[in-house]
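Colleague: Could you walk me through how to read a few features of a model? I would like the general idea each time, and then the case at hand.

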Amino acid sequence: MRRVGRNRHPPSLKNSAQPVGEVVVSNTTVITFGTFDVLHVGHVRVLNRAAELGDRLIVGVSSDALNFSKKGRNPVFSQDERLELVGNLKSVDQVFVEESLDLKRDYITEHAADVLVMGDDWAGKFDFCSDLCKVVYLPRTPSISTTALIEHIATTRGA
């Protein structure tokens, strides 16, 4: 499994109910998944919101083969290009290739994730992971869709 990673920031230090001067180190890992083809503001916004739920954001980027099996078409940008794009966003600490939708539980365990974040278009579909971590469904950015962008580019290119 190919990994690209960097430390966005060290774990946050949060004061607790302990005496003044003592701190508790929080280290909450958030994991999310997606194709992230034709990266757009909706992707950036959901990743930023996911990052706010923890100290470390790990992103599984769908492999080219997985994307083809889900959508019946190849992505515009290759798997390696999408890994590079997502991995260079400041809210993202690490990226890896997601090979299968059926391995979500394995990915959560492997990355010791405390929170799984998915778009609300997947609402309820990953509740089966709630015994491993907290599952959060975030609203998508209204009126922004990769498929719609690709269709718009294809129709205006020929005009």
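Colleague: Where is the place of Val76?

Modeller: Val76 belongs to the loop between helix 2 (64-71) and helix 3 (79-87). Bear in mind that this is a predicted model.

Colleague: And which residues make the nonpolar surface patch?

Modeller: For such a patch, one looks for nonpolar side chains with over 30% relative accessible area, joined within 5 Å. Here Val76, Phe77 and Leu85 make a patch of about 230 Å².

Colleague: Let me step back to the whole fold. How many helices and strands does the protein chain have?

Modeller: There are five helices and eight strands. Their order along the sequence is β-β-β-β-α-β-α-α-β-α-β-β-α.

Colleague: What share of the contacts in the protein chain with a separation of 6 or more comes from residues 24 or more positions apart?

Modeller: That share is 64%. As for burial, 38% of the 159 residues count as buried. The accessible surface comes to about 9,000 Å², and carbon and sulfur atoms account for 54% of that surface.

Colleague: Now the rings, please. How many aromatic pairs are there?

Modeller: Rings count as a pair if their centres lie within 6.5 Å, and by this rule the count is five aromatic pairs. One of them joins Phe33 and Tyr107, with 5.8 Å from centre to centre and 40 degrees between the planes, a tilted arrangement.

Colleague: Are Phe33 and Tyr107 buried or exposed?

Modeller: The cut-off for buried is under 20% relative accessible area. Phe33 has 7%, so Phe33 is buried. Tyr107, at 2%, is buried as well.

Colleague: What else involves Phe33?

Modeller: Ring pairs link Phe33 with Phe96 and Tyr107 into a cluster.

Colleague: How do I read the pair of Trp122 and Phe126?

Modeller: Take the distance and the angle together. The ring centres of Trp122 and Phe126 are 5.5 Å apart and the planes are at 50 degrees, so this pair is tilted. Trp122 is partly exposed, with a relative accessible area of 28%, whereas Phe126 is buried, at 5%.

Note on methods:
Residues numbered from 1 in each chain as written. Predicted model: local features only at pLDDT ≥ 70, side-chain atom pairs only at ≥ 80, totals over all residues. Heavy atoms only, no water. Phe/Tyr/Trp six-rings, centres within 6.5 Å; stacked < 30°, edge-to-face > 60°. Buried < 20%, exposed > 50% of the residue type's maximum accessible area, 1.4 Å probe, protein only. Patch = residues over 30% accessible without salt bridge, like charges linked within 9 Å, V, L, I, M, F, W, Y side chains within 5 Å. Areas by Shrake-Rupley, 256 points an atom, 1.4 Å probe, with all protein chains shown as cover. Salt bridge = Lys/Arg side-chain N within 4 Å of Asp/Glu carboxyl O. Helix = DSSP H or I, 4+ residues; strand = E, 2+ residues; numbered from the N terminus. Contact = heavy atoms within 4.5 Å.
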